[in-house]
Amino acid sequence: MGKTYALTGNPNSGKTTIFNELTGATQYVGNWSGVTVEKKEGTIKNSDIQVVDLPGIYSMSSNSLDEVIALNYITKDKPDGIINVVSASNLQRNLYLTLQLLEMKVPVTLILNMMDEVKRRKINIDHLKLAQILSLRIIPTGADDRKELKNIKDTLTLDEVSNFNRFSYFSEDVQKAINELAQKLRETEHRLENDIHWLALKILEHDREIIERIKIINLGAVELGYKLRDEIQKQTKMELPEILAKQRYDYLREISEQVIEDLDKSLVTETVTDKIDKVLTHRILAIPLFLTIMLMVYYVTITGLGDKTIAFMEWLVGDVITKTVIAGLNTVGASEMVVSLVVDGIIGGVGAVVVFVPQIMILFFFIAILEDSGYMARIAFVMDKIFKKFGLSGKSVIPMLVGSGCSVPGIMATRTLENERDRKLTIILTPFISCGAKLPVYLLFAAAFFPSNSHIIVFSLYLLGILVAILSGVILSKLRYRGEDSDFILELPPYRIPRLKNVAIRMWDKAKDFLSKAGTVIFAASVILWFAQSFDFSFSRVVEPSDSMLASFGKLIAPVFSPLGFGDWITSVAFITGFAAKEIVISTLSVLHGVSEGALVTSLQNIYSPLSAYSFMAFILLASPCFAAISVMKRELNSWRETGFAVLYQTSVAYLISMLIYQVGSLII
Amino acid sequence: MTIVDLKPGQSGQILELNLSTKIKNKLLELGLTPGASVMFVRTAPLGDPINIKVRGFNLGIRREIAQGITLK
């Protein structure tokens, strides 16, 4: 077995870029042990060295979920060493994490990234001196120069623990307390997995995770830790976390003065980012600019480019593939039933979804650019005041924008919200933001019922989703999530030109997700659907789908949906299958109507009125998200009760609003 | 005097953080320690939050948090 290294670094340090550079196409996504949170791994090119990408964090503590994941991985899974990505353009704050890693006494290799940015700003960093001070190996690199990175495997395998004099920057009383507490911990050292001096420091710092672990093994040490902490706090009249942070930062400032020429000037000189911010966060221009940018993104995704990719994919699936397959099956003499299963069931079901893959990729292209450029943080900054009114934080904007592509990564993006209340609310509200998989449903229905103003109809649905999310925010924050207020602390990172490679990898990841879903869940659902609509309960083949077992089931639940304007069995079945994946709604409709996607428009026109079609779309938009999203909700909320509440709330809201649309609409029209 | 009393472009030195433990720890980790220099950069278009600069990087924080950061 090769060795394993953990990749750590601050958010915006370019960690993802470095991970992509190191591992290239070898990366894959797994799960963290204990929590099923996405975990990226890969192998360094031309080696057997594994790299695990830890979440971006500012500090080695346990205040947020991301921090706990990183802390647990390093202290429990014990990688052979750590690769720490540090942004040279923000040295002091990035080295705070480095200092904490050195305190852990694990082998650290430092990648000093963004050297190109620093050079452009005419700042000189003496990385050799920095390496000497921290007694670490430092690999300087930048977007323009990745040469040094190529030799990383030689550096890594040395596995040196730095002989850096850790704790030297802490005051005497703190050092004494660490030593005294470490002595106490020594009693149970054989049962402790980590360096006792570091554990002592963490107890003094009041790290929840570490204290919980040690309590079981050596309660006396934790009690002694509290005593020592209180003594220092009484003497200095400062809290210990504050003392430690201050002493670390004071030391880091000292280091920075030694390695950066003219440090103070470099800290205050106006940067390109400052100049761009003058426009993008401008008092008057900021909001119109934001709206224009977002309208452009959705316009290009939905009509500008999206239309063309859909037309192309429909031709590919509907004409080329279907015809080839039919011809092929006929040549081998397949029975009519097999042809029906393959063409109506599988190609009909899976094909209806695959058609939209390029469009989803386009949307994720834009989302990746918004995030990687640094603009996403500005959106959060500009919109925070509005979100605060709805009981949320401006940071909720990020999950919601990502959620407009797919709720799954959207809900996962809530992990950057430290405030538990903000996080829960955002998780519950994000599915109201229409996701990419629902878009095909609107496009189909809008084309069938509102051909002359389909854009306005689709736009109105997005707006409806946002409106419902906002109102729900107000209601739920008053009724269910009272107490703690929302807050907002967000780094506004330097603007950067997005790396094409990173954007391409993100797009490909989403396409892969979608295609694998099409190949598994949707494939299975299509086959089951085809079977259920081809046979009755005595398992004999039916001529008309309306005699099938699926129809019997559909007819059973159809009355529930009558008040919403669509009480037919096919639509009712489509709702149920929609839980598996929203794209399946179309597959279901096309399979059950027994027509290809193109002819579906005519079939739909026969059973819906424009009003019931709109009510239908509103229900699809607002009702409980797909299984994948529900399971991520469960994982992030870490509670079945909360998840159950969310799903019930979403579906009830959908039912109420669709009914309102249909019933009130019927009175008017 | 707190950060919100600064004018855009003005700087001050942090005296102490009168905030809840959670927010305080977060700010400390980001380098807003007593003695650190902070600059008020600008206010967001709708009047809240504000953009400050500390240790060379930009941070957006709500006014109510900024009011808890007293300056020398």
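Residues are numbered from 1 along each chain as its sequence is written, and chains are lettered from A in the order in which they are written. In this predicted model, local features need pLDDT of at least 70 and side-chain atom pairs count only at pLDDT 80 or more, while totals for interfaces use all residues; side-chain values use heavy atoms, without hydrogens and water.

The contact (heavy atoms within 4.5 Å) draws 47 residues from chain A and 31 residues from chain B. Together the two chains bury about 3,600 Å², with 55% of it on carbon and sulfur atoms. Buried area here is the accessible area (1.4 Å probe) that two parts lose on being put together, summed over both. On the chain A side, Glu242(A), Phe381(A) and Ile489(A) supply 18% of the area buried against chain B, more than any other three residues.

Charged partners also meet here. Six salt bridges are counted between chain A and chain B, each a side-chain nitrogen of Lys or Arg within 4 Å of a carboxyl oxygen of Asp or Glu. In one of them, Lys53(B) joins Asp274(A) at 2.8 Å, N to O.

A strand pairing also links the chains. β8(A) runs antiparallel to strand β4 (residues 57-61) of chain B over four bridges, and Leu492(A) has Asn58(B) as its bridge partner in β4(B). Strands are DSSP runs (E, at least two residues), numbered from the N terminus, and two of them pair if DSSP finds at least two bridges between them.
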